[in-house]
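Student: Let us go through this structure by question and answer. Where should we begin?

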Amino acid sequence: MTERCAPVDVAIVGLGAAGGVAAHVLTDAGLDVAGIEAGPRLTADDFRFDELRNDVHAHFSQPKAVHEVPTWRSDPEAEAGPSPWAMLMVNAVGGTSVHYEAMSFRFHRWTFEARSRVVERYGEAALPPGSTLVDWPVSYDDLEPYYAEVEQAIGVSGTAARVAGEAPNPAGNYFEEERSKPFPMPALRRTGWSELMAEAATRLGWHPFAAPAAINSEPYDGRPACTFCGFCQYNGCYRDAKGSTQLNVIRRAEETGRLRIETMARVLRVDVDADGMASGVTFVRGCTEYFQPARSVLVATFTYENTRLLLLSKSSAYPDGLANNHGQVGKHYIAHVVPFAYGLFPGRRLNLFNGVGSQVTCVDDWNADHFDHSGLGFVGGGVVTAMHELMPVAFARWPLPPGVPRWGSEWKRWMKANAQSVGALFTQFDALPYESNVLDLDPSVTDRDGVPVIRVTHKLHANEQSAHRFFQVMMQRWLREAGASTTWEHPVILVEGRHCYGGTRMGADAETSVVDSFGFAHDVPNLGVLGASTFPTAGGHNPTLTVQAHTWRAARHLVDEWASIASG
Amino acid sequence: MVRDPLPAALLATLTAVVDRLIPDDENGPGAVQLGVVGYVERTLEGEHARHRRAYEEWLLRLDECAAAEHGVHFVELDVARQDELLRRIEAGTSAAGELQQFFECVRTHVVEGMFGDPSWGGNRDGVGWDLIGYIGPKKVWSYEAQQLDVVANDDRRLASGGPG
């Protein structure tokens, strides 16, 4: 027996970073929206200063994500096993924007034109074998107005370098693209470590800047300023100073009276009508199954679940899964490759066990095509970050300098002498999409309800391995310039399973992509797919602001074209 | 939750391993003294339950290794021999190669208990944090406290698991 919910104009699956923005834009335009969210509502009281609860035991992933962790394999002939990488996101109103570090970068213009620009400068031969690198079907200029909207709506702190019509500000990011508006707040407070690393980068001739972050550096939008507690990542803000979407765009959507939120609701499938149009979604809460009718459906969950939900939504019109009649769902999966380097600053107290992860110094000198790649063996790059917000357990699990034992009295002595003197850098490398790297449904592993989980097939290619070496050299140079006596690297090439892209790629051609430049499915015109799963490439920055800008644009498109997109 | 504690003999072996990973010495109390065994036991029946059976097999195997090499239980070896066996297990060069996985798992759990929030049973009174010079959770860090080479003067840590 399925209960039928009151029909709405738009059903959004997942009220996170993307779904929250969509809900705001759509309700603001007068559409009635149902937000179907797997997690609960959380408030500031739910956020505690406890690394074990938040980080180690994944408290905020318990409602759903922990029961369906994707499996992983690098060999397409092998059986997939447990992922070697952290994979979890948050299930809650606000989604993973509840616990993110809130770094809010715009992508560089180059990112949207990556394939053309690589070919133009280095020739076709520079495209790595097997890669499916493409240009995006949207440009920086297409997204710019929406970047600006999101920065104002969620509240982003930062130092603008290139505001249209104004002289460049050297305190901002030298490589920043032109922006129509400045950030609504100044950058977060600097720290001793962030200044130390900025000075060292400047001496190297690089261009350090303070990361832009959706965290209040001063009171904004009725919410207070950050107090730098140091429990920002894997946790929500204890005083609502982070721009998580439940505190801004979702709140505004609810205030219109046109957003109904269904919490603890696990979506089973997107349903279709006789014409092959999306007709709504079926979800379960407790033991009851519900059908939410809608004239348009937006799937706005995390990368893995976006692909999974489409593949699970089989019908006679879509026998291989919804929007998959061209076999593109699950293709072009990418995860950031994240080189980590560590440095020992003997006798110094760096005070990194406080503050928030977004108080950092970054450089974009090795991002995009800001440097000549001739002879380097890779294309693209990434932002390099001098990290903050160390956590005791995470720190104690870091790799140690060569020769230092990992346990026993000698380790304890080293920890006592040096724990406050270790700094770390990491790079978010713009890893490429490849034919070999795909998502599908695992044939043998299921969640607790017997539903297949996603299986990741991911091979590390030469382009990424060359980039890893390059960034290790650059990062260890930066650490030594800042005073590190010893530097070392993580012994394995780290893949960031939570910074992942593709599976429902956007593009102009239905033969090579799933959705159009607005995120609407080529095969199913009233079905939108939102989130980083639509990204054709990873980009060398944190993805969330681009997810949100793209979503804002997609939702505006739905409003503007409502008569032609909506079914019924 | 169904209670499923480790048998006493295995718990004794586990305790001996934990005591070697973070011993009580001139740099402060060890993991056993700070309640870390209790943390591991507790989470093996909850958050780490998926490792519960493996722990039992691993600990038995560790004892078999000790018996095969020295004719006694692991707990009866002197600490030098315990350390020597653990080093080979860590390096994957012991007779029981599968114990390398055990070593990594138990080290992870011991580190959690040693440096995690005291409300979980380990890191008693925050003494694990003292080892690494971490003051503990605070709501507000001043500009001065975030400078290099200074120790925040207001070093009163919040009650564990705070705020809320």
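Tutor: We can begin with a loop: A:Ala368 of this predicted model lies between strand S13 (361–363) and strand S14 (382–386) of chain A.

Student: Is A:Ala368 buried or exposed?

Tutor: The cut-off for buried is under 20% relative accessible area. A:Ala368 has 2% relative accessibility, so the residue counts as buried.

Student: What is the phi of A:Ala368?

Tutor: Most residues other than glycine have a negative phi. A:Ala368 is not a glycine, yet its phi is positive, at about 50°.

Student: A:Tyr234 also has a positive phi although it is not a glycine. In which loop is A:Tyr234 found?

Tutor: The phi of A:Tyr234 is about 65°. The residue belongs to chain A, in the loop between strand S6 (208–210) and H7.

Student: How many residues of H1(A) are buried?

Tutor: The buried ones include A:Ala17, A:Gly20, A:His24 and A:Thr27. Their cover includes strand S2 (8–13), strand S3 (33–36) and helix H12 (544–560) of chain A. H1(A) is mostly covered, and the count of buried residues is 11 of 12.

Student: How far apart are the end C-alpha atoms of helix H1 (residues 17–28) of chain A?

Tutor: With 12 residues at 1.5 Å a residue, helix H1 of chain A should span 16 Å. The computed distance between its end C-alpha atoms agrees with that, at 17 Å.

Student: Which residue with a positive phi follows H1(A)?

Tutor: Its phi is near 100°. The residue that follows H1(A) is A:Gly30.

Student: Which strands stand at the edges of the open sheet of 4 strands in chain A?

Tutor: The pairing in this sheet is mixed, and the order is S5-S4-S17-S16. An edge strand has a single partner strand, so one side of it is left without a neighbour in the sheet. The edge strands of chain A are strand S5 (81–82) and strand S16 (438–446).

Student: What is the bridge partner of A:Thr71 in S5(A)?

Tutor: Strand S4 (residues 71–73) of chain A and S5(A) run antiparallel and are joined by 2 bridges. The partner of A:Thr71 in S5(A) is A:Pro82.

Student: What is the radius of gyration of chain A?

Tutor: Chain A has 13 helices and 20 strands. For its 568 residues the globule rule gives 24 Å, and the computed value is close to this, so chain A is as compact as a globular protein of that length. The radius of gyration is 23 Å.

How values were computed
Residues numbered from 1 in each chain as written. Chains lettered and ligands numbered in written order. Predicted model: local features only at pLDDT ≥ 70, side-chain atom pairs only at ≥ 80, totals over all residues. Heavy atoms only, no water. Expected span 1.5 Å × (residues − 1). Buried < 20%, exposed > 50% of the residue type's maximum accessible area, 1.4 Å probe, protein only. Contact = heavy atoms within 4.5 Å. Pairing = 2+ DSSP bridges. Rg over C-alpha atoms; globule rule 2.2 N^0.38 Å.
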